[in-house]
Amino acid sequence: MAQSSPENLILVDREPDGIAFVTINRPKSLNSLTRPMIVDLARAFKALDRDDSVRVIILSGSGRAFCSGVDLKAAEDVFKGDVKDIEADCVAQMELCRKPIIGAINGFAVTAGFEIALACDILVAAKGAKFLDSHARFGIFPSWGLSQKLSRIIGPNKAREVSLTATPLTAEVAEKLGFVNHVVEEGQLLKKAREVAEAILRNNQDMVLRYKSIINDGLKLDLGHALSLEKERGHAYYNGMTKDQFKKMQEFIAGRSSKTRSSKL
């Protein structure tokens with residue numbers, strides 16, 4: 001059932017199969033963000049995280065762009081607003097969301113839009129999509145993670161070039177650098193995002209949540225501490241399992257191994 005903000009600028013559609021679609025819906029302004037839209041987007045992700053019927057979230061933008069950043073007419077309202085209020089911070093709520101988030105990127109993802117894309121777990125982009133960091137061009141200080149996350153994904157030298165020159169990073173180059181998972185024809189964008197979501201849905205949903213968490217939490221640590229965190233959570237997971245749960249797991253694995261299944265990702 002579709003739900004939206006009063007002006008239909010953030011659309012949320014929950015499907016029976018466990019996939020939820022969130023759409024930034026201000027196409028005439030290339031999905032530029034106002035303060036109320038940021039708050040609505042934050043609330044949408046928080047609500048979807050709490051909704052047990054939702055397993056995977058697909059985030060996209062309507063029209064010709066994913067998100068062209070903050071609406072500069074509302075810049076002061078956004079940048080000097082309640083920037084420390086996590087409840088109203090859409091990127092913070094995306095990072096807190098336990099469910100996998102697939103970004104479906106069409107057209108431009110500019111500055112704040114780039115940062116929202118970086119908050120997704122998996123990215124599918126249409127051919128011709130571009131990621132542009134214009135912070136240095138317009139004198140805007142990054143505060144949603146772009147200065148730190150991009151260098152960790154594509155390497156510091158390339159990240160410095162993208163950000164300091166404000167040069168667009170194409171979907172094709174982003175895929176080669178490991179930032180974008182799949183590049184597809186524009187008409188196939190949501191179809192491919194759904195394919196990835198359906199592949200996730202076929203797996204143990206408790207472990208999907210735990211696996212996303214250990215990957216994302218580990219990325220914030222050095223390798224030694226990240227490995228210790230994995231070991232700690234692994235022991236806690238197995239120590240919490242009953243003999244019956246171990247038996248069911250063994251039976252399930254035995255049943256799966258007797259079949260030949262292939263992934264089309």
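A: The model is a predicted one. A search of the whole structure finds five aromatic pairs, and the explanation may begin with these.

Q: Why is the pair of F114 and F131 called tilted?
A: The ring centres of F114 and F131 are 5.5 Å apart, and the limit for a pair is within 6.5 Å. Their planes stand at 45 degrees, whereas stacked requires under 30 degrees and edge-to-face over 60. The pair is therefore tilted.

Q: Which parts of the chain does this pair link?
A: The pair links distant parts of the chain, as F114 belongs to helix α4 (residues 112-118) and F131 to strand β8, 17 residues apart. Both F114 and F131 are buried. Together with F179, F114 and F131 form one aromatic cluster.

Q: What makes the pair of Y238 and F246 stacked?
A: The planes of Y238 and F246 meet at 20 degrees, with ring centres 6.2 Å apart. Since stacked means planes under 30 degrees apart, and centres must lie within 6.5 Å, the pair is stacked.

Q: Why do Y238 and F246 count as partly exposed?
A: Buried means under 20% relative accessible area and exposed means over 50%, with partly exposed in between. Y238 has 44% relative accessibility, so Y238 counts as partly exposed. F246 has a relative accessible area of 29%, so F246 is partly exposed as well.

Q: How do β2 and β4 pair with β3?
A: Five bridges join strand β2 (residues 10-14) to β3, and these two run antiparallel. D13 has F21 as its bridge partner in β3. Strand β4 (residues 56-61) pairs with β3 in the parallel sense over six bridges, and T23 has S60 as its bridge partner in β4. From β3 the chain crosses through helix α1 (residues 35-50) to β4, and this β-α-β crossover is right-handed.

Q: What makes β6 and β9 edge strands?
A: The open sheet has three strands in the order β6-β8-β9, with mixed pairing. β6 (108-110) and β9 (169-170) each have a single partner strand, so one side of each is left without a neighbour in the sheet. Two bridges join β8 (residues 130-132) to β9, and the two run antiparallel.

Q: Which residues have the most contacts inside the largest nonpolar core?
A: This core has 50 residues, and those with the most contacts inside it are V22, L59, I105, F114, I116, F131 and F179. Helix α1 gives the most to this core, with seven residues. A second, separate core of 15 residues includes I19, A104, V184 and V208.

Terms used:
Residues are numbered from 1 along each chain as its sequence is written. This is a predicted model: local features need pLDDT of at least 70, side-chain atom pairs count only at pLDDT 80 or more; totals for chains, interfaces and linings use all residues. Side-chain values use heavy atoms; hydrogens and water are left out. Two strands pair if DSSP finds at least two bridges between them. Helices (H or I, at least four residues) and strands (E, at least two) are DSSP runs, numbered from the N terminus. A crossover is right-handed if, with the strands pointing away from the viewer, the path from the first strand over the helix to the second runs clockwise. A nonpolar core is a set of buried Ala, Val, Leu, Ile, Met, Phe, Trp, Tyr and Cys residues joined through side-chain atoms within 4.5 Å. Buried means under 20% relative accessible area, exposed over 50%, partly exposed in between (1.4 Å probe, protein chains only). Rings of Phe, Tyr and Trp (its six-membered ring) pair if their centres lie within 6.5 Å; planes under 30 degrees apart count as stacked, over 60 as edge-to-face and the rest as tilted.
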